[in-house]
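Subject: A structure for you to look through

Dear colleague,

I am handing over the structure below, and after it I have written down what was found there. Please keep the structure open beside the text as you read.

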Amino acid sequence: MERLSIVAAFVEDLGLRSSKSLEDGVFYGLAAAYALLSIAALIQLVRIQIRVPEYGWTTQKVFHLLNFFVNGVRAAVFLFRRQLQYLKPEILQPILLDLPGLLFFTTYALLVLFWAEIYRQAKNLPAENLRPVFVVINCIVYIGQLLLWVIYWLKPVEVILTISKLFFAGVSLLAAFGFLVYGGRLFMMLRRFPIESKGRQKKLHEVGGVTGICFACFTIRTFILAFSTFEKNADLDVLYHPFLNVLYYSLVEILPSALVLFILRKLPPKRLGGGNQYHAIDRQENA
């Protein structure tokens with residue numbers, strides 16, 4: 001507890017010494033970082049569409065579309081961060097601050113779903129229930145958060161925001177667990193492939209890298225949210241903690257998104273014929 005108090009005092013000191021111009025500069029910098037990520041995801045989506053225009057919305061395309069949308073919303077939020085602080089009705093503030101985080105969860109949960117399907121199909125296990133489970137989990141998350149927003153709108157008490165943060169911390173922990181289980185299983189399965197298998201080493205690096213990055217970012221998010229819930233000096237949703245915002249969003253969204261987009265930058269191969277060939281190759285190339 002003494003260490004936590006020291007950290008909180010340090011955060012409070014940074015907050016008190018931050019000026020309005022510094023705060024605006026930090027938030028504009030975060031907005032620029034998110035805008036670059038959004039553009040990068042859009043470019044990758046366009047490249048994939050040009051490469052394989054004959055197919056509709058594959059998992060890979062939806063992943064990049066969601067990345068484009070999530071980072072674009074975050075960029076807009078930080079661009080107008082000071083105006084957002086005084087937005088009325090007050091319920092709009094937590095909605096605009098928290099909704100991108102929920103969409104971030106859905107984006108990377110989609111990656112867990114993709115890997116889970118690859119793993120279970122490779123093991124000749126039933127995989128038809130994975131997508132319904134994915135939809136149900138996301139519905140529970142969004143409905144649960146929506147109920148908290150409605151309750152806060154009807155009765156704006158601090159305890160509702162506390163419950164909301166803890167709820168989102170639990171959601172982040174769930175995502176971390178998903179990456180640990182299915183990312184780890186897929187990595188171990190690839191390790192058992194013959195050394196001479198084509199692309200084996202590259203896929204090991206991709207799956208291992210993305211698993212480690214995503215597990216770390218969602219775990220860090222869980223602990224920071226839980227800590228900020230009970231330590232008001234470390235509150236992320238206030239203007240006078242620009243340094244804490246930089247640290248938090250860089251660790252849990254900006255750096256992980258940039259690294260994952262870089263690792264998964266490879267385009268799927270062109271169609272060589274056969275109705276299902278692209279899907280089979282897509283699963284191998286993007287595992």
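A residue is called buried when its relative accessible area is under 20%, exposed when that area is over 50%, and partly exposed in between. By that rule, 46% of the 287 residues of the protein count as buried. Please bear in mind throughout that this is a predicted model.

Overall layout

The protein has 10 helices and 0 strands, and along the sequence this reads as α-α-α-α-α-α-α-α-α-α. Among the contacts in the protein with a separation of 6 or more, 76% are between residues 24 or more positions apart. The UniProt entry, which is unreviewed, carries the annotation "transmembrane region" for residues 26-50, 100-118, 130-154, 166-187, 207-226 and 246-264. In the model, residues 166-187 are 100% helix and 0% strand, with their end C-alpha atoms 31 Å apart, while residues 207-226 are also 100% helix and 0% strand, with 28 Å between their end C-alpha atoms.

Two helices in detail

Helix α3 has 21 residues and reaches 30 Å from its first C-alpha to its last, close to the 30 Å expected at 1.5 Å a residue. Its buried residues include Lys61, His64 and Arg74, as well as Phe63, Val70 and Phe78. Helix α6, with 25 residues, reaches 36 Å between its first and last C-alpha atoms, which is close to the 36 Å expected at 1.5 Å a residue. Among the buried residues of α6 are Leu130, Phe134, Asn138, Trp149 and Tyr152, and the buried residues of this helix pack against α5 and α7.

The loop between α2 and α3 is where proline 53 is placed. Proline 53 counts as partly exposed because its relative accessibility is 48%, a value that falls between the limits of 20% and 50%. The C-alpha atoms of proline 53 and lysine 270 are separated by 9.6 Å, although the two residues are 217 residues apart along the chain.

The nonpolar core

The largest nonpolar core holds 60 residues, and those that touch the most other members are Tyr108, Leu111, Trp115, Phe179, Phe218 and Val260. At least two residues of this core come from each of α2, α3, α5, α6, α7, α8 and α9, and α5 gives the most, with 15 residues. Which residues does valine 260 touch, not counting those up to four places away in sequence? They are Phe63, Tyr108, Val210, Ile213 and Cys214.

Aromatic pairs

The count of aromatic pairs comes to 11. In one of them, the rings of tryptophan 115 and phenylalanine 179 have their centres 6.1 Å apart and their planes at 90°, so the pair is edge-to-face, since planes over 60 degrees apart are given that name. Tryptophan 115 lies in helix α5 and phenylalanine 179 in helix α7, so this pair ties together parts that are 64 residues apart in sequence. Both tryptophan 115 and phenylalanine 179 are buried. Another edge-to-face pair is formed by tyrosine 248 and tyrosine 249, with 4.8 Å from centre to centre and 80° between the planes. Ring pairs also link Phe63, Phe104, Tyr108, Trp115, Phe179 and Phe218 into a cluster.

Tyrosine 248 counts as buried because its relative accessibility is 3%, and tyrosine 249 counts as buried because its value is 4%. Tyrosine 249 lies in helix α9, and, leaving aside neighbours within four places in sequence, tyrosine 249 is in contact with Leu30, Tyr34, Arg74, Phe78 and Ile254. From C-alpha to C-alpha, tyrosine 249 and cysteine 217 are 9.8 Å apart in space, and they are 32 residues apart in sequence.

The cysteines

How many disulfides does the structure hold? The number is 0. Cysteine 214 is in no disulfide, and the nearest cysteine sulfur, that of cysteine 217, is 5.3 Å away, whereas a disulfide requires the two sulfur atoms to be within 2.5 Å. Is cysteine 214 buried or exposed? Cysteine 214 counts as buried, because its relative accessibility is 1%. Cysteine 139, with a relative accessible area of 39%, is partly exposed.

With best wishes

How values were computed
Residues are numbered from 1 along each chain as its sequence is written. This is a predicted model: local features need pLDDT of at least 70, side-chain atom pairs count only at pLDDT 80 or more; totals for chains, interfaces and linings use all residues. Side-chain values use heavy atoms; hydrogens and water are left out. Buried means under 20% relative accessible area, exposed over 50%, partly exposed in between (1.4 Å probe, protein chains only). A nonpolar core is a set of buried Ala, Val, Leu, Ile, Met, Phe, Trp, Tyr and Cys residues joined through side-chain atoms within 4.5 Å. Helices (H or I, at least four residues) and strands (E, at least two) are DSSP runs, numbered from the N terminus. Contact means heavy atoms within 4.5 Å. UniProt positions are given in the numbering used here, feature names are shortened, and annotations may be inferred rather than shown by experiment. The expected span of a helix is 1.5 Å times one less than its number of residues. Rings of Phe, Tyr and Trp (its six-membered ring) pair if their centres lie within 6.5 Å; planes under 30 degrees apart count as stacked, over 60 as edge-to-face and the rest as tilted.
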